[in-house]
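Here is my note on this structure, point by point. Please keep the 3D view open as you read.

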There are 2 protein chains.
Amino acid sequence: MNDPSHLARCAQLAMVLEVAAHPKPGNVDRDHDFPDTTFEHFLASAVGTYPVLEEAARSRHGAGALIHAAAEESLRWQRGGNTHFGAFVLLIPLLMAAGSDTPVSKIVLDTTSEDAVEFYRAFSIANVRIDSVPDFDLGESNSADRIREDGIKLFDLMKLSADHDLIANEWVSGFERTNWCADLITKKADTMSINDAIVCTFLQMLAETPDTFIRTKFGRDKSIEISE
Amino acid sequence: MNDPSHLARCAQLAMVLEVAAHPKPGNVDRDHDFPDTTFEHFLASAVGTYPVLEEAARSRHGAGALIHAAAEESLRWQRGGNTHFGAFVLLIPLLMAAGSDTPVSKIVLDTTSEDAVEFYRAFSIANVRIDSVPDFDLGESNSADRIREDGIKLFDLMKLSADHDLIANEWVSGFERTNWCADLITKKADTMSINDAIVCTFLQMLAETPDTFIRTKFGRDKSIEISE
């Protein structure tokens, strides 16, 4: 069950089914592209990053470097820019946890300042749109030095963003929402297609929490409009 | 360039982009399912068979066992029945050739009667629709014994089907049509989206040769009707 290749393929399948699921208002799906990022860019990213996902399922430490490696490998396989950055930040600690039989809350708590520095590097190459953290602006080039000097762990960085970023919030809350969604999809898939199970879960989550991605891309007002 | 993981991901991406490309009259695409086989079944099959594709890129012999393993692994990951059988029969020798720097014509010529027996096993589990070969009915259970006794290689079996099956024809003609399609897609992708490049190439091929799959599934008349 925790064969690294099996786990990596599960993560890859999740990425592929998620991006294919349609319609997902405000996101790329099989019938909706962004101007510079298409459905096919996401498919190529999910395929190309397989070895990093498998490496994550063999690793107990190094979440930051793995997220960085995934972002790099993704960009090697497609020219649509940032595709799965949020997915990597969620899936990599989950793969590490599943592969090493360790609670994911412990995996993220054990991150180091080196993980935080690698995470910054991943951000800068992936050109991710984010709400910046005032104390540690992710665009600021001397942040790496400050992180090392102050001994800030990646987990600490996530805590700073947890109130305004859904993914950071998952890191500090034991991936509660992720597990809730996984359970919902599994239950719904008993009575509807996997596409509809994913879309209904997406819409349910969107109704409860304005999508961070839509918010950072189009602004909070647009995000709330789509949620309504 | 012939890193097995890189080659396997290229094959996987080809499978994913091909099934996603739309519209493909008579085939599954992102917007068209068959009653029992959906787009998502194909995605799961492409994801699940990665390790077999990588193994093929490390192998110089054993095409039959690899095709059998791919068909088995595909069925472990989805319940839509035969999805990529034709793709495996084409991609596995191509991966073996690319991974071992051997001409693909030599890879297929070097197949043995053990490859032929394994291929029969793959057929029987994948429940593939085919025009049967009169001399070696693929549904006949004692064919394996006859193949071994007569020393029939997998390449010989393909020769028997080459006049009425496009994939068998590729095996005995040095994968000429496959290379022609790959070149067409590459050229077209300079001036159109990857989706359109694949679809235009598909339609061009369909216009020239009635699709074996459509023919075996719906009959030759329907296949010619779709080609027209």
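1. Start with Lys106(A). Lys106(A) is partly exposed, at 40% relative accessibility. Here buried means under 20% relative accessible area, exposed means over 50%, and partly exposed lies in between (1.4 Å probe, protein chains only). Its partner in a salt bridge is Asp110(A), at 3.2 Å from N to O. A salt bridge needs a side-chain nitrogen of Lys or Arg within 4 Å of a carboxyl oxygen of Asp or Glu. Asp110(A) is also partly exposed, at 27%.

2. A word on the basis. This is a predicted model: local features need pLDDT of at least 70, side-chain atom pairs count only at pLDDT 80 or more, and totals for chains, interfaces and linings use all residues. Residues are numbered from 1 along each chain as its sequence is written, chains are lettered from A and ligands numbered from 1 in the order in which they are written, and side-chain values use heavy atoms, with hydrogens and water left out.

3. Now look at chain B. Lys106(B) and Asp110(B) form a salt bridge, with the closest N and O atoms 3.2 Å apart. Lys106(B) is partly exposed at 40%, and Asp110(B) is partly exposed at 28%.

4. Which side chain does Glu54(A) meet in a salt bridge? The partner is Arg58(A), at 2.4 Å from N to O. Glu54(A) is buried, at 15% relative accessibility. Arg58(A) is exposed, at 53%.

5. One network joins the two chains: salt bridges link Arg9(A), Glu73(B) and Arg76(B). Over all chains the count is 18 salt bridges.

6. Next, the aromatic rings. Rings of Phe, Tyr and Trp (its six-membered ring) pair if their centres lie within 6.5 Å; planes under 30 degrees apart are stacked, over 60 edge-to-face, and the rest tilted. There are seven such pairs over all chains. Phe85(A) and Phe119(A) have centres 5.9 Å apart and planes at 45 degrees, so this pair is tilted. Phe119(A) and Phe123(A) are edge-to-face, with 4.9 Å between centres and 75 degrees between planes. Phe85(A), Phe119(A) and Phe123(A) form one aromatic cluster. Phe119(A) is buried at 6%, and Phe123(A) is buried at 10%.

7. Last, the symmetry. Chain B can be laid on chain A with an RMSD of 0.0 Å, by a turn of 180 degrees and a shift of 0.0 Å along the axis.

Methods. Least-squares fit on C-alpha atoms with pLDDT ≥ 70 in both.
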